[in-house]
Amino acid sequence: MIISQPMAPSLYSVRMRASLHGQHLAGAERIVDEAAVIEASSALVARAMDASHSPADEIHCRVERIETTEVVYQRLPDVSTYQVDDWQQGRLAAAWLLANAGIQKDIATRAVELLADGAGPDGAVMRGAVLMDAKTGARLEGDPSRGVRVSRMDLVPENRQFIEQLMLSKELGHHRILEALVLAGKVLSAPGIVAELCWSDDPSYITGYVADSQNGYQRISELKQTGDMSGGRVFFVDLSKTSIAELVEYLEGRVILFNACGMISPPEKWLSDDE
Ligand code: WAQ
Ligand code: MG
């Protein structure tokens, strides 16, 4: 008699990117069990067709099987939340937190201004992230319009519900938060990464964050005004620890699944004396 070996169910990467009039509109991705591929892809397409925005006129959905031997499991970064009085104070707080992570103050300030002005050509929002030399402030990404897109990361399917519930109980239930936390978790684990700065390009979403491996994912309640279309990401890189090729290969290609939360601190008021 042949007894078949119990096999781990296959995992699939499901990626969506949508555009309108040739302009990038939205992108999102999941890593799910074989049985959840159809549900995940339709949920991602539904997001691109969301009637509260202009629906996309082109949607690409890509499904790829992942070798389970490729998967690396990690814990999500710790989460803290700073409440600032306004976006101006928020941007000072962001520069302060970046300096605390070891970025020179003038480079930190320049990165904040870069996202505010639009880091893409002609001040456009980039589709991916800026790679910035943490020591010199020089831009390192090959294509300043696309930037670097982090991909192939998600929560472990078995723990998704638990982690979502936990986030919800801490008033962090918005899907944006968990997606950004997962992205930041992968970025912080990448070779040579010193810190990340991010805020959304969604004009109605004004909270952003600074992440570093010492302090985790540090949310800042306001980094822009409602209605502001700016947004983006900057990854600060220590080039003595990695090459750009190695870093990009990691960010785009490595499969990282998160199986547990870090510490989640209650919101606290940002003290401007710290600046
Ligand atoms: N890889 C690299 N850069 C990306 C990616 C990616 N996969 N996805 C988006 N970006 C860049 C791109 O320039 C976007 O314009 C920018 O980041 C913002 O993306 O309350 O929602 O998806 O804790 O609009 C952060 C705060 C929310 C959440 C971030 O970003 C919270 C957000 P969005
Ligand atoms: Mg967006």
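Me: Which residues line the second largest pocket?
Reply: In this predicted model, the lining is made up of Thr81, Gln83, Lys170, Glu171, Leu172, Thr207, Arg219, Ser221, Ile264, Ser265, Pro266 and Pro267. A pocket here is an open set of points on a 1 Å grid where a 1.4 Å probe fits, with protein on both sides within 12 Å along at least five of seven lines, and lining residues have an atom within 4 Å of a point.

Me: OK, and how many strands are in the open sheet, and in what order?
Reply: The open sheet has 7 strands, ordered β6-β11-β8-β9-β10-β5-β13, and their pairing is mixed; strands are DSSP runs of E, at least two residues long, and two of them pair with at least two bridges.

Me: Which ones are the edges?
Reply: The edge strands are β6, at 130-133, and β13, at 268-269, each of which pairs on one side only.

Me: What about β5 and β10, parallel or antiparallel?
Reply: Strand β5 (residues 79-83) and strand β10 (residues 216-220) pair in the parallel sense, over 4 bridges, and Val79 stands opposite Tyr217 in β10.

Me: Switching to Lys241, where is that?
Reply: Lys241 sits in the loop between β11 and α6, the latter spanning 244-253.

Me: Why does Lys241 count as exposed?
Reply: Lys241 counts as exposed because its relative accessibility is 61%, and exposed means over 50%.

Me: What does Lys241 touch, beyond its neighbours within four places in sequence?
Reply: Lys241 is in contact (heavy atoms within 4.5 Å) with Gly192 and Glu246. Although Lys241 and Gly192 are 49 residues apart along the chain, their C-alpha atoms are separated by 4.9 Å.

How values were computed
Residues numbered from 1 in each chain as written. Chains lettered and ligands numbered in written order. Predicted model: local features only at pLDDT ≥ 70, side-chain atom pairs only at ≥ 80, totals over all residues. Heavy atoms only, no water. Buried < 20%, exposed > 50% of the residue type's maximum accessible area, 1.4 Å probe, protein only.
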